Amino acid sequence: MQQTFDPIALIKEGVSDRISKAIRYSKELNMHVTGLGVEEYTEIFNKYESLDNRELREELLKSNKSVFSFLLRPLDKIFTAKGGSISYNLQDNRLETLKDYVSDISDGLDIKTYLKKKVKAQYVIDPNGLVMIDIDNEGNLDTRIIRSSQIHYYNNRGNKIKEIIFAPYKDDTDDKDTKEYYRVIDSLTDSIYIKEGDEVFLDESSVIQNFLGYVPAFILGDTYDPNSELFLSIIDCVLEDANEHLRDVSVKVVHKLSHGYAKYWQYPESCTTCGGEGEIKSKNDSNAVIDIICPTCLGGKVKNHKDASDLTIVAIPDKDDPILAPNIAGYINPSIEIWQQYKEDIIGLKNEMHQTLWGNYFSENTKNETATGRQLNVQPETERIVGISNTFSSIHEFLLTAYGAIALFDKNYKAQVKYGTRYLMESPDEVLKRYTEAKEKGLPQLVQNDLLDVFYQTQHSNNNVEYQKIKKLLATDPFPDLTPTEVKDLGVEGEDLLKKIYHSQWINQLNEAKKVFMTLEELNKDLTEYVILKSINNVKEVQQTTD
Ligand SMILES: [Zn+2]
């Protein structure tokens with residue numbers, strides 16, 4: 001059943017229910033991930049606490065920001081994974097044109113960097129929001145994130161938008177203008193509707209044709225919930241735990257600061273000012289001596305605070321008297337038990353959230369796990385990330401296709417994007433261990449090579465230059481899987497054998513610049529020259545000794 005799109009009626013109805021829900025949802029997600037508005041949110045807890053505690057807690061409030069930064073760290077793997085491909089489906093100068101076009105889609109960022117730096121966070125905190133290609137004030141294409149709070153209504157099919165009405169804006173340049181302006185985009189046009197009082201009408205002069213034939217916007221979320229009609233965030237499954245975490249942390253903080261100090265006690269001692277009388281002599285206005293309340297103990301007769309330099313005199317005990325010191329004063333320690341329990345609960349919750357989100361426990365102590373145990377453990381996390389990676393591939397493909405259509409002026413242009421899914425989940429030590437095992441067990445050479453490659457990738461996961469350098473140097477070895485003796489035993493001779501024999505010696509004498517900047521071809525040539533020079537020198541040496 002296709003309903004016709006009626007912007008005037010939709011504007012009159014106000015923000016759609018679905019968008020209102022999306023805005024509230026995003027506010028809660030945002031509070032957990034970035035800490036924004038956390039004071040307001042924790043108001044709900046106050047029915048369990050006294051006014052004093054509430055004030056204290058609000059002052060010392062700690063958001064879930066750091067927990068979510070930790071929980072969401074695996075998302076970065078989407079952008080560092082190896083493999084994957086981008087098919088531009090173009091040749092030569094058209095390819096160059098498009099590549100140049102998408103090298104800066106916003107703020108100087110290319111598509112992938114933009115997705116990582118801007119879209120990734122929004123994907124978590126506002127899954128019903130959009131990424132959209134628009135035209136900026138200078139008439140250039142610009143990619144923007146549209147938050148759900150900037151939307152009035154949209155009609156979607158999957159992640160694609162069929163029609164959209166943006167939240168209204170006012171004319172900043174004219175204070176007296178009370179009209180509200182609504183931008184509306186559908187497959188045919190991009191126009192402005194004006195609301196004046198109860199009337200809504202189309203501003204005919206604003207209408208421009210939509211060249212693309214679709215709204216160039218993509219909804220970020222990938223899990224649709226038919227009940228709420230919302231796209232759910234990946235952290236939706238841990239929201240309840242996150243609320244509990246927020247509450248537990250704040251309770252712990254309040255406990256720590258209100259009950260966490262050791263308490264000083266002592267038997268009463270007379271006030272030094274009044275000598276324990278509670279009153280001292282003073283003079284009134286007519287110079288007559290009168291008794292007034294002691295200003296130090298306020299009539300309490302005993303000391304109520306102590307200076308560090310205070311000294312308590314204890315009478316020397318007679319031989320039958322009990323020795324009082326040091327039992328005349330001391331400290332009472334606060335309950336460590338409850339403090340410990342708070343701490344354990346919080347760590348437990350954090351681990352539980354990790355388990356719910358990624359399917360595996362986060363262990364700070366991975367050394368106790370066997371290599372295979374760790375592997376099994378990593379599997380669900382990998383699957384989960386592959387799913388999210390597909391979402392980001394789709395967004396990338398959507399943006400690239402739309403930019404291509406505009407840059408090449410070809411509505412039917414289509415790019416294909418698939419992100420790599422080879423994630424580096426293990427530590428270099430773990431991979432090296434697996435490689436050694438594979439070698440010992442004599443597993444197929446292909447498997448061994450693959451593991452060795454993963455090892456180098458893991459070791460240099462944050463330094464692609466270093467990884468590329470090692471890959472190039474490995475590629476110059478003519479027999480990477482064999483030792484020089486094995487090569488010789490196979491009957492290999494001449495230049496190939498010498499290349500193998502002198503390979504590590506040659507690498508050692510290369511300087512860093514050569515290793516980084518020479519191409520594989522140049523390195524191979526350098527190795528050949530090195531080997532020739534070596535063998536000439538050797539022949540000379542042999543001749544010299546025979547002479
Ligand atoms: Zn006193």
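At which residue does H8 bend? The bend falls at Val 119 and amounts to about 45°. The structure is a predicted model, and its protein chain comprises 18 helices and 16 strands. With a radius of gyration of 37 Å, well over the 24 Å that the globule rule gives for 547 residues, the chain is more spread out than a compact globule.

**Overall form**
- Along the principal axes, the C-alpha atoms of the protein chain fill a box of roughly 120 × 95 × 45 Å.
- Buried residues account for 22% of the 547 residues in the protein chain.
- Of the contacts between residues at least 6 apart in sequence, 61% join residues at least 24 apart.

**Domains**
- The protein chain is divided into domain 1 (8–167 + 207–261 + 336–425), domain 2 (262–333) and domain 3 (463–547).
- A distance of 49 Å separates the C-alpha centres of domain 1 and domain 3.

**Helix H8**
- Helix H8 covers residues 111–125, and its 15 residues reach 20 Å from first C-alpha to last, close to the expected 21 Å.
- Val 119, where H8 bends, is among the buried residues of this helix.
- Others buried in H8 include Ile 111, Tyr 114, Leu 115 and Gln 122, as well as Tyr 123, Val 124 and Ile 125.

**Helix H10**
- Helix H10 runs over residues 336–358; its 23 residues reach 33 Å from first C-alpha to last, close to the expected 33 Å.
- In H10, the buried residues are Leu 349, Lys 350, Met 353, His 354, Leu 357 and Trp 358.

Terms used. Residues numbered from 1 in each chain as written. Predicted model: local features only at pLDDT ≥ 70, side-chain atom pairs only at ≥ 80, totals over all residues. Helix = DSSP H or I, 4+ residues; strand = E, 2+ residues; numbered from the N terminus. Expected span 1.5 Å × (residues − 1). Bend = angle between axes of the 7 residues up to and from the residue. Buried ≥ 20, exposed ≤ 12 C-beta atoms within 10 Å, placed from the backbone. Domains from an automatic or database assignment. Rg over C-alpha atoms; globule rule 2.2 N^0.38 Å. Contact = placed C-beta atoms within 7 Å.
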